[in-house]
Amino acid sequence: MNLLEKMRETFALTDFEARKIFRQKKCLAGLAVNLLLTLLVLVGFYLRKTGAIKGHRQEFEGRLITEFINGTSFCITVLLPAIYMIMPMVLAMMAASVLAGEQGNGTLRMMSVRPISRWNVVISKLLAVTLYSLFLLSCLFATSMALGSLFFGYGGDIIVFGPAFIGKGAGIFIMDSDTAMERAVLAYFFCAYSLLSLSAMFIMSSVIFRNATTAAIVPLGIYYTSYILDALPLMESIQRFLPTRYLMLWKYTMAQEIMWDRMLSDGIFLAIYTLLYVIIAGFVFNGSDL
Amino acid sequence: MSGKIIEVRNLSRSYGRNKAVDNVSFSVEEGSVHGFLGPNGAGKTTVIKMLLGLIMPDCGEVEIFGLDFFSRRNEILKRVGAVVEAPAFFEYLTAFENLKFLSKFSGGCAEERILEALSIVGLSDVKDKCVGTFSYGMKQRLGIAQTLPPRQQACISGRAHERPGPARHRWSPQAHKKTFSGERRHSLPLEPSAWRGGAGLRQGVNNRPWKDHLRIRCPGAAPGGGKD
Ligand SMILES: Nc1ncnc2c1ncn2[C@@H]1O[C@H](COP(=O)(O)OP(=O)(O)OP(=O)(O)O)[C@@H](O)[C@H]1O
Ligand SMILES: [Mg+2]
């Protein structure tokens, strides 16, 4: 009974938070950046495919790669810069704006003199940012699939550069058309899970720092630093402690055989991290002066 | 207990070493209008925030409608309308939408009530405009309208009524009381520390325990400070 009421409140609050996000012009900024990325990759693929870039087409490797340019490979390629760079940035800004930003302009106080629980405020803001990330990912998938299919043909075999996804030691292999399409969908799906965890971290940061700029920059700085360290040689000894370690579990969907066991264990760790972020955010927010 | 809408006993709150509110006690009678005056930094906003659960006191008791605030918070807040400091709204939503959503989380009310509230404060014409396009005075009016829709029985507002502009609808505590009483009973502790020419406000203070109980921390009150 009480729990049901609480859940109804969470739902109403999330609905309100999501409406607020989609009513703001800055909601379109994330969309615009993703679209720009898609168009740039499109131009790159197009020039490559039509052989406008001389030299590459002469090499054996270059010609081989060109054979595998199609809608599916385009859709997956676009995902890489989006998930590693653009989405974290856009979501950090959005999370900072919905929590720390509202604290700064006083609207959070206006909400908090109403009989709603502060836990629910934090959770609904996280859920709303997550809905926004789902919206961005869906748009990215739809536009890249549509444009890729239009320019390079729907479906087709793809070539997977193992090291780019799984890390050193993974091979380069060819994936057939149906599998590739299935993996593209799975990759986008698990990206949403990674973004949920990132958003939770950004919301926690918002609650702790209370200032929108600091709230966005600190976790982004940590994220990008971890990301770079993760890719650097000689850093193996600290890589296992990086907060980004379990984040990108979607990439295991791009292995020759999906690495389900690895995804499960990473997924559990990620869930624990996410839960911790939410609990810390909730406790800090509950006790903070508004 | 009857007759007392707000009862505050031995309320204290520090910010680090700074004792912002030191052992304040007072009570507010049903149906009365009060001004809450004191120099800048005296602790008025801090007291009001504690009355609304925005910050926790270090010690003390707060009873509203005879209910203990800290154990019955939600029940109480359903019946309280409040503006703390400057009115803040979602600028990308219209005036009507702002009131609709805010009242929804105070327990909900009919759309007619919201339209009525908007017309009381003279914002009917602009109800479908985004609040971002409003002047400060218009936002203040919306702040007042915002305290009305659900069946509020107590209204706590800080600064919202401060120097209301000479607009079409002149604002005064008496007008406030007259407009919003009716079947509901109100108690309105205002906090217009920069109110000038607040004769009506001073009349409105029935029993004046405020200043006596408020340990004033700022002896050289700034020019804007409230005087009574
Ligand atoms: N967030 C805060 N952190 C630290 N000190 C604070 C904070 N808010 C208020 N104070 C201090 O608490 C005291 C009371 O502040 P408060 O805002 O309650 O005063 P006030 O009576 O509302 O003043 P004013 O008339 O200027 O609005 C002041 O000394 C102020 O410096
Ligand atoms: Mg104040």
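Predicted model: local features only at pLDDT ≥ 70, side-chain atom pairs only at ≥ 80, totals over all residues.
Helices here are DSSP runs of H or I with at least four residues, and strands are runs of E with at least two.

Figure 1. Read from the N terminus, the order is α-α-α-α-α-α-β-α-β-α-α-α-α. Chain A is as compact as a globular protein of its length, because its radius of gyration of 21 Å is close to the 19 Å that the globule rule gives for 290 residues. The C-alpha trace of chain A spans about 70 × 40 × 35 Å along its principal axes.

**Figure 2. Burial and contacts within chain A.** Of the 290 residues in chain A, 51% are buried. Among contacts in chain A with a separation of 6 or more, 78% are between residues 24 or more positions apart.

**Figure 3. The largest nonpolar core.** This core has 134 residues, and the members that touch the most others are L79(A), I203(A), W250(A), L52(B) and L142(B). In soluble globular proteins, nonpolar side chains tend to be buried together.

**Figure 4. Surroundings of I203(A).** I203(A) is one of the core residues that touch the most other members. Beyond its neighbours within four places in sequence, I203(A) is in contact with A95(A), V98(A), L99(A), V122(A), K125(A), L126(A), V129(A) and A281(A).

**Figure 5. Surface and charge of chain A.** Chain A carries 23 positive and 18 negative side chains. The centres of these two sets are 10 Å apart.

Methods
Residues numbered from 1 in each chain as written. Chains lettered and ligands numbered in written order. Heavy atoms only, no water. Rg over C-alpha atoms; globule rule 2.2 N^0.38 Å. Buried < 20%, exposed > 50% of the residue type's maximum accessible area, 1.4 Å probe, protein only. Contact = heavy atoms within 4.5 Å. Lys, Arg positive; Asp, Glu negative; His and termini not counted. Charge placed at Lys NZ, Arg CZ, Asp CG, Glu CD. Core = buried A, V, L, I, M, F, W, Y, C linked by side-chain atoms within 4.5 Å.
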